[in-house]
Amino acid sequence: MIRDIFERIKATPGPLGQYQGKADGYFMFPRLEGEIGPEMVFNGKKVLNWSLNNYLGLANLPEVRKADAEAAAKYGLAAPMGARMMSGNTDLHIKFENDFAEFIGKPAGLVMNFGYQGMISIIDVLTSRNDVIVYDSEAHACILDGMRLSMAKRYTYRHNDMASLEKQLNHACKLADEQGGGVLVITEGVYGMAGDLGHLDGIVELKKKYPFRILIDDAHGFGTMGAHGRGTAEHYGVTDEIDVIFDAFAKSMASIGGVVNSEPEVIQHLKFNMRSQIYAKSLPLPLVVGNMKRLELIKTHPEYREHLWEVVNALQSGLKEEGFDIGRTESPVTPVFFQGDVNEATNVVVDLRENYGIFCSMVVYPVVPKGQIMLRIIPTASHTLDHVARTISVFKEVKAKLDAGLYKGEMKDMNLFK
Ligand SMILES: Cc1ncc(COP(=O)(O)O)c(C=O)c1O
């Protein structure tokens, strides 16, 4: 029996869509208003905002806003028209990718229109049907989507578990040997949900025993990690051993786009084969110029990163001293784990937003185990130590209420969601 496509679409909202009635506009798709920064407006009220990946506070810096505005006035959003391969390449794209590669510490780089699409194509192009991918079980959606396109076989290893990785590498190398292919290991530099780092040192160590290449997604690590903000590879001192590094501009750069860095021949191959770039419009010039300004600021103003880490260290050590469980973060991303069910999690978030004026995001089952609640705090260089102190004291009050069972049961006032 043939059916109308829309019949299923209308009947099954999807894994996230199932919450739309209760969550749309509040927990999901919330509208934060005002200038980007720690103080914004949500649901008509001022909130202390801990939910943006504007790690270095560049989003609203006057020099950045000026560079963005001038570039937009000069070039307009249209320029250049077309994909880079056809008609959308410029000297500025090339200069920016060369400057970026030099900063990262790789000989070549390619700037891409969006991080997500870029990563999908990098995986697709780097691997063919005879190759084998070994990837971390908590890999970002763009890595999973890249693998869906790739013809390579794949094995997953338990998150950051080097014994599990070695076991899968054994299988992968055997299979690749039989097929005459190679092995690609994929990890994130910083895991954006819980803030733990991909164990690049351990992975690199395994290269001594197994023949494979490494690709890292360092969307959250660029700008935040390493002595110069070059990312997680710099943090571990393994830039030379990481074969391909991907960075997105949506976080520390507070912008749009992405970049991939590697050996010149590999970059050249990617440039001529990445379908998401060959068949899509190139990054508009105002974004290229705005990104160049941001890169220059990251290189010349270590104080943004230093202040970020001052805030991060105060927040993370303060929460730990008060007995909060912040998991295994080693990056600015700060998860706070509580015991509780989904009702309690939603009540906690509403109380935080409506009564304490604190906005952070919440993660529940299935992202964290059943019975656990994770509140995710993203400190930035625009936060102050006063913001940190206020937040820790509110978290103490909220935890006391949670422990006393005050958040049990369905949300009482559903009007809060309107
Ligand atoms: C780990 C990771 N990789 C890739 C992306 C996608 O980058 P973009 O937003 O530039 O498409 C994101 C989110 O932005 C991310 O968190």
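# Reading a predicted model

Q: How many other C-beta atoms lie within 10 Å of N43, and what does that make the residue?

A: N43 has 18 other C-beta atoms within 10 Å and is therefore partly exposed. A residue is buried with 20 or more other C-beta atoms within 10 Å of its own, exposed with 12 or fewer, and partly exposed in between, the C-beta atoms being placed from the backbone. This is a predicted model, in which local features need pLDDT of at least 70 and side-chain atom pairs count only at pLDDT 80 or more, while totals for chains, interfaces and linings use all residues. Residues are numbered from 1 along each chain as its sequence is written.

Q: What is the phi of N43, and where is the residue found?

A: Although N43 is not a glycine, its phi is positive, at about 55°. N43 belongs to the loop between β2 (39-42) and β3 (45-49). Helices (H or I, at least four residues) and strands (E, at least two) are DSSP runs numbered from the N terminus. A254, also a residue other than glycine, has a positive phi near 50°. A254 sits in the loop between β9 (244-248) and β10, and it counts as buried because it has 25 C-beta neighbours inside 10 Å.

Q: Which peptide bond is cis?

A: The bond from A79 to P80 is cis, with omega near -10°. P80 is placed in the loop between α3 (62-75) and α4 (91-104).

Q: How many helices and strands are in the protein chain, and what is its radius of gyration?

A: The protein chain holds 15 helices and 14 strands. Its radius of gyration is 22 Å, close to the 22 Å that the globule rule gives for 418 residues, so the chain is as compact as a globular protein of that length. The radius is taken over C-alpha atoms, and the rule is 2.2 Å times the number of residues to the power 0.38. Of the 418 residues, 44% count as buried.

Q: Which strand pairs with β4, and over how many bridges?

A: β4 pairs with strand β10 (residues 258-262) in the antiparallel sense over 5 bridges. The bridge partner of A108 is S262 in β10. In β4 (residues 108-112), 4 of the 5 residues are buried, so the strand is largely enclosed by the rest of the structure.

Q: At what angle do the axes of α13 and α15 cross?

A: Axes are lines fitted to C-alpha atoms, for helices over the stretch in contact, and angles run from 0 to 180 degrees between N-to-C directions. The axes of α13 (residues 302-321) and α15 (residues 385-403) come within 9 Å and cross at roughly 20°. That makes α13 roughly parallel to α15; angles under 35 degrees count as roughly parallel, over 145 as roughly antiparallel, 65 to 115 as roughly perpendicular and the rest as oblique. Among the residues that meet are V311 and L315 in α13 and V388 and F395 in α15.

How values were computed: Contact = placed C-beta atoms within 7 Å. Pairing = 2+ DSSP bridges.
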